[in-house]
Amino acid sequence: MLYAKNISKFYQGAENPAVRDVTLTVRQGDFLSITGRSGSGKSTLLHVLSSLIRPDSGSLLLEGKDIACATDRERTRLRKEKFAVVFQQHHLLPYLSALENVLLPFLDTVKPVGERELASARRMLEQVRLAGREGSRPGQLSGGEQQRVAIARALAGGARVLFADEPTGNLDSATGEAIIALLQKLNHEGLTVVMVTHNPEFARCGNRAVTMADGRLA
Ligand SMILES: Nc1ncnc2c1ncn2[C@@H]1O[C@H](COP(=O)(O)OP(=O)(O)O)[C@@H](O)[C@H]1O
Ligand SMILES: [Mg+2]
């Protein structure tokens, strides 16, 4: 599905590249974990794979098409249609309900939110087991529930790949385990998952794991 070949990324002013010469394949249906110490380049690699940032060299093939050098506009469109991204912080809007937060990605289109979008948002909340909490604001939800709303929002647009950067980083271990179990369920239902985690136990929950050290795949 996604093939990164000889990817490198340098940040301006940094002594060493954050990612150097990484070659990696993500297959459809994978649950791939990326582990490694803090500063080893995990987030940078995830951001390159999910097209949030452009690599300085190397190529990124999505279903055979090179997207590393596509225009920004094309990359934005691709990202919105194909990729979902969640972070350690959930980035939910506090004054909106869970359902409204999940509807957010639909708001920047020309058309008003319709029945189809509403149905899709409701279905996503069901899939993350929050059907009864549609009207709750983030402040009324637990940390794990907030992260589940963020996952529902990320996936509401129909993306088939989820990139998650330390999705359990802010959660206690039991809540973190529940998030991993949810990702496994979504993966069994067909979602491809690429997850950065520094928790070795969680890294074993997928079908593949790679480790980064000093910007390289160890
Ligand atoms: N925006 C940035 N500007 C400059 N350096 C950065 C930036 N983001 C990350 N880095 C550096 O790149 C390296 C890899 O960082 P990162 O990808 O965040 O690693 P990880 O997610 O494994 O902790 C680190 O040395 C970090 O300090
Ligand atoms: Mg990181």
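Reader: How many bridges join S3 to S9?
Author: Quick heads-up: this is a predicted model, where local features need pLDDT of at least 70, side-chain atom pairs count only at pLDDT 80 or more, and totals for chains, interfaces and linings use all residues. Residues are numbered from 1 along each chain as its sequence is written, chains are lettered from A and ligands numbered from 1 in the order in which they are written, and side-chain values use heavy atoms, with hydrogens and water left out. Strands (DSSP runs of E, at least two residues) and helices (H or I, at least four) are numbered from the N terminus, and two strands pair if DSSP finds at least two bridges between them. S3 and S9 run parallel, and the bridges joining them number five.

Reader: Which residue in S9 is the bridge partner of Ile 34?
Author: S9 covers residues 208–213, and S3 covers residues 31–36. In S9, Ile 34 is bridged to Val 210.

Reader: Is Met 212 buried or exposed?
Author: Met 212 sits in strand S9. Buried means under 20% relative accessible area, exposed over 50% and partly exposed in between, using a 1.4 Å probe and protein chains only. With a relative accessible area of 2%, Met 212 is therefore buried.

Reader: How far apart in space are Met 212 and Lys 42, C-alpha to C-alpha?
Author: Met 212 touches Lys 42, with Ser 40, Gly 41 and Leu 45 also among the residues it touches beyond four places away in sequence. A contact here means heavy atoms within 4.5 Å. Met 212 and Lys 42 are 170 residues apart in sequence, but their C-alpha atoms are separated by 6.7 Å.

Reader: Which residue of the S9 and S10 hairpin takes a positive phi near 50°?
Author: S9 and S10 (residues 216–217) run antiparallel, joined by two bridges. Ala 213 stands opposite Arg 216 in S10. The hairpin has two residues between the strands, and the positive phi near 50° belongs to Asp 214.

Reader: Why is S8 largely enclosed by the rest of the structure?
Author: On one side of S8, Thr 192, Val 194 and Val 196 are buried, and on the other, Val 193 and Met 195 are too. S8 is largely enclosed because the count of its five residues that are buried is five.

Reader: What is the handedness of the crossover from S7 through H6 to S8?
Author: S7 (residues 161–165) runs parallel to S8, with five bridges between them, and Ala 164 stands opposite Met 195. The chain crosses from S7 through helix H6 (residues 173–188) to S8 as a β-α-β crossover. The call is right-handed if, with the strands pointing away from the viewer, the path from the first strand over the helix to the second runs clockwise. This crossover is right-handed.

Reader: How far is a polar side-chain atom of Thr 44 from an oxygen atom of ligand 1?
Author: Ligand 1 has Tyr 11, Arg 37 and Gly 41 among its surrounding residues, where near means a heavy atom within 4 Å. The side chain of Lys 42 has an N or O atom 2.8 Å from a ligand oxygen, and Ser 43 has a polar side-chain atom 2.9 Å from one. For Thr 44, the distance is 2.5 Å.

How values were computed:
A polar contact is a pair of N or O atoms within 3.5 Å; within protein, one must be able to donate a hydrogen and the other to accept it, and residues adjacent in sequence count only if both atoms are side-chain atoms.
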